[in-house]
Amino acid sequence: MPLPYSKKVLELFRNPKNLGRMDDATVHAVAGNPACGDMITFYLKINDEDVIERATFESYGCAANIATSSILTEMIKGKSLEEAWGISWKRIAEEVGGLPSIKFHCGILAVGALRRAIRLYYKRKGAAPSWMPERLTFEEKQALEEEELAEVLSKRVGGGGADV
Ligand code: FES
């Protein structure tokens with residue numbers, strides 16, 4: 001039975017905005033979701049005032065992930081990094097007309113990848129802003145780096161700890 005996707009999700013899935021690699025990105029982050037093993041890359045072009053001039057993404061995820069990533073790249077264009085950081089996965093789920101509950105993690109992955117890119121940007125600068133939490137947020141923890149994801153998945157395949 002097909003999933004009850006909203007019209008907007010299907011429209012963005014078929015015709016995503018800002019899809020593709022950005023060669024002159026200021027920063028990018030690759031993140032995968034342990035719930036499904038899908039990966040996403042978020043690219044940001046950031047100016048000297050810490051404002052996002054452009055954002056693109058590559059997704060190896062499902063329709064929900066492509067739709068939420070696409071709308072997120074649109075929502076953060078022209079926003080400060082602080083404003084972009086504050087966008088919750090619930091808000092993007094609303095923007096795409098809602099998500100089936102088994103697809104919430106797909107929107108969480110989009111937000112997590114964006115936040116990982118922002119955190120990396122400040123890490124490279126060597127100074128984290130006061131609004132950024134020191135600890136990883138829930139969304140970042142759900143958007144694992146490639147190595148972490150591979151480890152989680154290999155444990156799962158190996159039967160949860162059969163491997164040494
Ligand atoms: S099922 Fe993996 S991103 Fe949607």
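The model is predicted, and local features are taken only where pLDDT is at least 70, side-chain atom pairs count only at pLDDT 80 or more, and totals for chains, interfaces and linings use all residues. Residues are numbered from 1 along each chain as its sequence is written.

Helix H2 (residues 63-76) packs against helix H5 (residues 104-125) at an angle of about 40 degrees, and their axes lie 8 Å apart. Helices (H or I, at least four residues) and strands (E, at least two) are DSSP runs numbered from the N terminus, while axes are lines fitted to C-alpha atoms, for helices over the stretch in contact, with angles running from 0 to 180 degrees between N-to-C directions. H2 and H5 are therefore oblique to each other, a class left for angles that are not under 35 degrees (roughly parallel), over 145 (roughly antiparallel) or 65 to 115 (roughly perpendicular). In H2, Ala 64, Asn 65, Thr 68, Ser 69 and Leu 72 meet Cys 106, Gly 107, Leu 109, Ala 110 and Leu 114 of H5, where contact requires C-beta atoms, placed from the backbone, within 7 Å.

Asn 18, in the loop between helix H1 (7-14) and strand E1 (27-32), has a positive phi of about 60 degrees although it is not a glycine. Asn 18 counts as partly exposed because it has 18 C-beta neighbours inside 10 Å (buried means 20 or more other C-beta atoms within 10 Å, exposed 12 or fewer, and partly exposed in between). Asp 50, which lies in the loop between strand E2 (39-46) and strand E3 (52-59), is also not a glycine and has a positive phi near 60 degrees.

Technical notes
Contact = placed C-beta atoms within 7 Å.
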